[in-house]
Amino acid sequence: MSGQPDAPQTEPRSYALEGLRGLQSEVPQLTQAMVLCRARVERHRNTDLAAARDDYNDLQSARKQLAAALGEAQLLLMEAEEYQLAANAGQLKEGLLGFNLLSNTYRPVYDALNGFAAQIPVDGPTNARVVGRLMNNIKLGYYPTDPENIELILRGIQFPEGVTTNLLDPCCGCGKALRQIAEGNNCYTYGVELDNARADEAQTRLHRVGFGSFFFNQVSANAFHLLFLNPPYLSVLNESGGRARHEKRFLIESLGALAMGGLLMYVIPYYRLTPDICRVLADNFENLGLWRFTDAEFKKFKQVAILGTRKRRDTEPQDTRWLEWFAAHPDSIPCLTELPEGRYPLPDRPLEVKTFRGEKFNEKELERQLSRSDSFQRMMARSELDGGVKRPLLPLSISQIGLIGGSGMINGLIECDTPHVIKGRIVKVTRNETEEHCSASGKHLSTELHETITNKMIFNILTPNGFRALT
């Protein structure tokens, strides 16, 4: 995992726990809303059918919101490694969706949901234990993608023959992962990295590296055959207190760089297969496949690799339930060892990256580009005209001689019948004039002073007969 999170300036707060804290109050509120809506339905069903119908619609809406909250709680509890409570959230969600809303036995449902909310670990010693575990797993640090699992992913990729493919990693770290993918496959590698030290190291492995945040880089659209995306698994709120997760933001803002038919390699923890991320994947990619990392890596970081070929966005939303299902059933995710060989061919046409510019100025990349180009040498080289004897085609006029002399172009030794050394220079001359104003009777009224500044051309000439100054 590469490191491009927003670095908090204050004490970090866990995103998962902040989300659970909100859900601890939201679940009881939505449960209470369902009970009240059900009571209104009962009150109006025999007197006002239209009102009863509106109340029933509100009841359905409250159930839908409550089910979504339970689903979110399930994923956040998995992130906090509270697996039993996460399983309870999943069971409550399924039971709620199958519950008869016109039933008169709401009390058991009410008690079960409120009992679940009370168990959410946001206070006391349980909270401290979960916080410690989350910060241990994430640490806002940098976790390179495991080379063995990259090798397994590579088995599923088919590189085209005779075509140089463009590879992009929007959070490349030290560049090791992208370099491993490109090794021996006729690729040109582009990476972006926020951390300067890691970006410097990445330059030793990749062809082009953009310094700074990917979100402020300029990168050509539809120009890459493969997008390798292993974003930071941000488990804390960012410095502005925002709730945005980088896993989704990187996916949305980088997929435009991938060409149609290009391959996405998206590495995230399985519990981040949230409905919104699954929606982006299903609407923009086809031939989607999901594989978990091998046992040791999966136990450590819960990572899965999602592979898919970019397609034009569908006008109708695609079904995402099959992908969301894996977030709640990680044991059912197949291992990368089962990825079919050559399942994902890359586009077999050359693509041009016209724009690739980092947020920060990169001196080393500029130096490297200049060393590969002869433009700088051509610019600095002296032409034959510069080195040759210059003779005007026609005799120079007085004004031209003054202009050339003042610019220093005829300074130095003049070889002729009477050799001499000439030096031209321009000096400023100030001239003061007064103008007297008198009345018609001759009485003095005022004196007006005029100051005029002019340029004066001086040629100093050293001849065999002595020094002369011409003005």
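Predicted model: local features only at pLDDT ≥ 70, side-chain atom pairs only at ≥ 80, totals over all residues.
Here are some questions and answers about the structure above.

User: How many salt bridges does the structure hold?
Analyst: A salt bridge here is a side-chain nitrogen of Lys or Arg within 4 Å of a carboxyl oxygen of Asp or Glu. Side chains of opposite charge can pair when their charged atoms come close. The number of salt bridges in the structure is 18.

User: In the salt bridge of aspartate 55 and arginine 40, which residue counts as buried?
Analyst: The side chains of these two residues meet at 3.5 Å, N to O. The pair links distant parts of the chain, with arginine 40 in helix H1 (residues 15-44) and aspartate 55 in helix H2 (residues 49-79); helices (H or I, at least four residues) and strands (E, at least two) are DSSP runs, numbered from the N terminus. Arginine 40 is partly exposed because its relative accessibility is 27%, where buried means under 20% relative accessible area, exposed over 50%, and partly exposed in between (1.4 Å probe, protein chains only). At 7% relative accessibility, the buried one is aspartate 55.

User: Which helix holds both arginine 107 and aspartate 111?
Analyst: Their side chains meet in a salt bridge of 3.4 Å, N to O. Arginine 107 is exposed at 55% relative accessibility, and aspartate 111 is partly exposed at 40%. They are four residues apart, about one turn of the helix, and that helix is H4 (residues 107-119).

User: How many residues of strand E6 are buried?
Analyst: Strand E6 pairs in the parallel sense with strand E2 (residues 165-169) over two bridges; strands count as paired if DSSP finds at least two bridges between them. Five bridges also join E6 to strand E7 (residues 258-269), again in parallel. Strand E6 (residues 224-229) is largely enclosed by the rest of the structure, because the buried residues number six of the six.

User: Which strands stand at the edges of the open sheet of four strands?
Analyst: The order of this sheet is E12-E13-E14-E15, with antiparallel pairing. Each edge strand has a single partner strand, so one side of each is left without a neighbour in the sheet; the edges are strand E12 (412-414) and strand E15 (466-470).

User: How many bridges join E13 to strand E14?
Analyst: Strand E14 covers residues 444-463 and runs antiparallel to E13. Within this pairing, arginine 431 stands opposite threonine 452 in E14. The number of bridges joining E13 to E14 is 18.

Key:
Residues numbered from 1 in each chain as written. Heavy atoms only, no water.
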